[in-house]
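Please go through the metal sites of the structure shown below. The paragraphs that follow take them one after the other.

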Amino acid sequence: MHFRSVCGATALCLSVGLSNFAGAQQPLRWFKGNTHTHSLNSDGDSPALDVARWYRTHGYQFTFMTDHEFVTDVAPLNAMFGGPARFLAISAQEVTQRTSDPSHPEGVRQAHINALGINTMIRPLGERYIANQSIASTYARNIAEIRKQGGVAQVNHPNFRWSVKLSEMVDLPDSTLLEVWNGHSTVNNLGGTDSSGNVFPSHEAVWDSLLTRGKVIWGVADDDSHSFKPEDADKLELTRPGRGWVVVRADTLTPGAIVGALRRGDFYSSTGVTLRTLAASRSELKIEIALNSDARYRTEFVGRGGRVLATVHGLNARYAITGNEGYVRARITDSNGLKAWTQPVIIR
Ligand SMILES: [Zn+2]
Ligand SMILES: [Zn+2]
């Protein structure tokens with residue numbers, strides 16, 4: 001068996017923990033952050049400063065500013081809220097690509113992709129950003145543009161407007177991120193079947209399908225937040241912040257270190273479950289969960305085909321890798337429905 005840690009690179013091949021050290025270098029730390037949010041610079045309801053303030057004051061160490069076709073200047077945000085190892089706003093864009101499809105009820109399909117860590121706006125293809133080509137080819141072009149700028153690409157909400165089929169994602173390049181949970185209220189995270197029997201799998205099932213095909217894709221939970229006004233806090237139909245995030249392992253809180261860790265898959269994703277430790281080696285995947293009140297926890301270890309390899313109850317879960325699983329990842333669900341997802345350990 002050739003063990004390929006997220007590909008020679010992911011922390012998941014090391015035994016890692018909150019106090020782990022990488023040789024003589026800086027100690028590695030965990031940083032909580034969000035990879036998808038909007039401000040008044042596109043269709044959010046609040047100035048970028050208020051968006052950064054929300055994340056800064058709610059226990060996050062970073063957020064990417066992903067306005068549609070607008071790269072928000074993060075310098076004023078970092079002047080106000082930034083600080084070494086305290087908080088960082090990172091420049092980014094949501095590339096709001098659409099494609100023409102007369103067979104779709106809306107005539108177009110949505111192929112949005114986040115450009116994380118870029119500095120120059122990427123213009124989507126086509127007039128009014130509607131391309132006359134396949135979604136797969138727009139992904140290829142837009143991801144190439146993102147990588148040219150040193151950024152990392154995140155495929156957003158494939159089931160939004162029932163837009164992206166699995167077959168259109170099978171050529172995504174390795175080290176691309178995929179939203180497995182987006183906090184927006186109308187993106188159909190769990191998938192669905194129409195009255196004719198056409199199936200769109202859940203975003204998480206799409207992830208398993210891609211991993212099963214040997215793709216190295218990292219699963220993300222994020223907000224896609226648009227609504228920050230305090231008076232709207234109880235309007236659940238609005239896309240409020242704080243619904244999904246990533247916890248990234250990096251040596252410093254800098255754009256380069258955060259983007260690099262995302263590219264390597266050195267993070268886990270969450271809607272509310274916190275991991276105390278996350279350790280992986282060629283022989284096991286081991287996690288320890290931080291207890292919240294009196295919640296109970298179920299950890300499912302998932303392998304090829306999305307198959308549940310083992311289920312463990314309690315705060316400590318360990319899976320011994322046999323080498324035949326294809327990949328092994330953990331999905332933790334608590335008794336209130338909150339979740340965490342580790343990145344896969346990929347076994348070649
Ligand atoms: Zn979008
Ligand atoms: Zn968005």
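Along the chain, the donors of the zinc ion (ligand 2) are spaced as H-x1-H-x55-E-x129-D. The model is predicted, with local features requiring pLDDT of at least 70 and side-chain atom pairs pLDDT 80 or more, while totals for chains, interfaces and linings use all residues. Residues are numbered from 1 along each chain as its sequence is written, chains are lettered from A and ligands numbered from 1 in the order in which they are written, and side-chain values use heavy atoms, leaving out hydrogens and water.

The protein donors behind that spacing are His36 (NE2), His38 (NE2), Glu94 (OE) and Asp224 (OD), at 2.1 to 2.3 Å from the zinc ion (ligand 2). Donors here are N, O and S atoms within 2.8 Å of the metal (3.2 Å for Na, K and Ca); water is not among the atoms, so sites may look incomplete. The angles among the four donor atoms run from 80 to 170 degrees, and the site of the zinc ion (ligand 2) is irregular. Four donors count as tetrahedral if all angles lie between 85 and 135 degrees; four count as square planar and six as octahedral if opposite donors are over 155 degrees apart and all others between 65 and 115; anything else is irregular.

The zinc ion (ligand 2) lies 3.6 Å from the zinc ion (ligand 1), and Glu94 coordinates both. His36 sits in the loop between β2 (29-34) and α2 (48-56), and Glu94 in strand β4 (residues 88-95), so this pair ties together parts 58 residues apart in sequence. Helices (H or I, at least four residues) and strands (E, at least two) are DSSP runs, numbered from the N terminus. His36 is buried at 0% relative accessibility, and Glu94 is buried at 1%. Buried means under 20% relative accessible area, exposed over 50%, partly exposed in between (1.4 Å probe, protein chains only).

Glu94 in strand β4 and His157 in the loop between β9 (152-155) and β10 (176-182) link distant parts of the chain, 63 residues apart. His157 is buried, with a relative accessible area of 2%.
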